[in-house]
Amino acid sequence: MLAPTHTRSCAAALRSYIRSVYRQAHAPQAAAALRLLMADAQTNPTAATALRTFTDHRRDTCLELLSRAQEHDALSTERDPGVMTDVILGTVWYRLLTAEPIIDDTVADEILHLLIRQT
């Protein structure tokens, strides 16, 4: 087992990433643009490709952070990083669709609390 500082630094990096993604996506202009892109992507292949490119980068980054956290024993290796990524990033899209903005770090912190191994 790695030193607790490694576990804490992985958790801190993950917390910082989740907070940043939530803040960026829910800034008023970004939220409006993402809603339009999401709607357009339903019928426009070019918009669908743009949306996929946008989401793939964030998904890859999230998966990398989660895998690193698992390697450093901050997350259980019994949990699927893909499902955890869906929980983290799916929250952004659900909130955008329902026009319920994420206005502070509370949601990010609650999600991280659900995922991080409690010792």
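Mentor: A contact, as the word is used here, means heavy atoms within 4.5 Å. This is a predicted model, in which local features need pLDDT of at least 70 and side-chain atom pairs count only at pLDDT 80 or more, while totals for chains, interfaces and linings use all residues. Residues are numbered from 1 along each chain as its sequence is written, and side-chain values use heavy atoms, with hydrogens and water left out.

Trainee: Which residues does His26 touch, if residues up to four places away in sequence are not counted?

Mentor: With that exclusion, His26 touches Ala31, Val92, Arg95, Leu96, Glu100, Pro101 and Ile102. His26 itself sits in the loop between α1 (4-25) and α2, where helices are DSSP runs of H or I with at least four residues, strands are runs of E with at least two, and both are numbered from the N terminus.

Trainee: Is His26 buried or exposed?

Mentor: Buried means under 20% relative accessible area, exposed means over 50%, and partly exposed lies in between, using a 1.4 Å probe and protein chains only. His26, with a relative accessible area of 9%, is buried, and 36% of the 119 residues of the protein count as buried.

Trainee: How many helices and strands are there in the protein?

Mentor: The protein has five helices and zero strands, and the pattern along the sequence reads α-α-α-α-α.

Trainee: At what angle do α2 and α4 pack?

Mentor: Axes are lines fitted to C-alpha atoms, for helices over the stretch in contact, and angles run from 0 to 180 degrees between N-to-C directions. Helix α2 (residues 28-41) and helix α4 (residues 81-97) pack at about 90°, with their axes 10 Å apart. That makes α2 roughly perpendicular to α4, a label given to angles of 65 to 115 degrees, whereas those under 35 count as roughly parallel, those over 145 as roughly antiparallel and the rest as oblique. On the α2 side the contact is made by Ala31, Leu34, Arg35 and Met38, and on the α4 side by Trp93, Leu96 and Leu97.

Trainee: Where do the buried residues of α5 fall, seen down its axis?

Mentor: An arc here is that of the directions from the helix axis to the C-beta atoms. In helix α5 (residues 106-115) the buried residues are Val107, Ala108, Ile111, Leu112 and Leu115. They fall within an arc of 130°, so they line one face of the helix.

Trainee: What is the phi of Asp73?

Mentor: Most residues other than glycine have a negative phi. Asp73, in the loop between α3 (45-71) and α4, has a positive phi near 65°, and Asp73 is partly exposed, with a relative accessible area of 21%.
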